[in-house]
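Visitor: I would like to go through this model term by term. Please set each label against its cut-off.

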Amino acid sequence: MARVREDRTAFRRPTNVTLDEQLVAAAKDLGINLSRACEQGLSDAVSAERIRRWQEDNREALEAANAYVAEYGLPLAKYRMF
């Protein structure tokens, strides 16, 4: 879990990264904050990988649930109002 300050903002760590020179220049010309853009991209990549791993770890259960619904239908379907 990330450390959090009393004011609930996450601590930020200075980090060196290597980026494409033309991409950095284009971002600078457009006024894009490189640190925030990199942080958002990394956050998106971490989130996507966590989802992928969860799906992989739970594949058997998901397949079993889908097979049950395919064979028997949705539980409580008779109570659906739509």
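Guide: What follows takes the labels one at a time, from helices to ring pairs.

Guide: This is a predicted model, in which local features need pLDDT of at least 70, side-chain atom pairs count only at pLDDT 80 or more, and totals for chains, interfaces and linings use all residues. Residues are numbered from 1 along each chain as its sequence is written, and side-chain values use heavy atoms, with hydrogens and water left out.

Visitor: What makes the pattern of the chain α-α-α?

Guide: The chain has 3 helices and 0 strands. Both are DSSP runs, numbered from the N terminus: helices are H or I with at least four residues, strands are E with at least two. Read along the sequence, that gives α-α-α.

Visitor: How do you know that helix 2 is close to its expected span?

Guide: The expected span is 1.5 Å times one less than the number of residues. Helix 2 covers residues 34-57, which is 24 residues. Its first and last C-alpha atoms are 34 Å apart, and 34 Å is expected.

Visitor: Why is Asn33 called a cap of helix 2?

Guide: A side-chain oxygen of Asn33 lies 3.0 Å from the backbone nitrogen of Ser35, at the N-terminal end of helix 2. A polar contact is a pair of N or O atoms within 3.5 Å; within protein, one must be able to donate a hydrogen and the other to accept it, and residues adjacent in sequence count only if both atoms are side-chain atoms. Asp20 does the capping for helix 1 (residues 21-29), with a side-chain oxygen 3.0 Å from the backbone nitrogen of Gln22. After helix 1 comes Gly31, with a positive phi near 75°.

Visitor: What makes Glu49 and Arg52 a salt bridge?

Guide: The rule asks for a side-chain nitrogen of Lys or Arg within 4 Å of a carboxyl oxygen of Asp or Glu. Glu49 and Arg52 meet at 2.7 Å, N to O, so the pair qualifies. They are 3 residues apart in helix 2, about one helical turn. The count by this rule is 5 salt bridges.

Visitor: Which residues are joined into one network by shared partners?

Guide: Arg53 also bridges to Glu49, with the closest N and O atoms 2.8 Å apart. Glu56 and Arg52 meet at 2.7 Å, N to O. Shared partners therefore join Glu49, Arg52, Arg53 and Glu56 into one network of salt bridges.

Visitor: Why is Glu49 called partly exposed?

Guide: Buried means under 20% relative accessible area, exposed over 50%, and partly exposed in between (1.4 Å probe, protein chains only). Glu49 has 27%, so it counts as partly exposed. Arg52 at 39% gets that label too. Of the 82 residues of the chain, 1% count as buried.

Visitor: Why is the ring pair of Tyr68 and Tyr72 called tilted?

Guide: Rings of Phe, Tyr and Trp (its six-membered ring) pair if their centres lie within 6.5 Å; planes under 30 degrees apart are stacked, over 60 edge-to-face, the rest tilted. The count is 1 aromatic pair. The Tyr68 and Tyr72 centres are 4.9 Å apart and the planes stand at 45°, so the pair is tilted. In helix 3 these residues are 4 apart, about one helical turn.

Visitor: Is Tyr72 buried or exposed?

Guide: Tyr72 is at 56% relative accessibility, so it counts as exposed. Tyr68, at 43%, is partly exposed.
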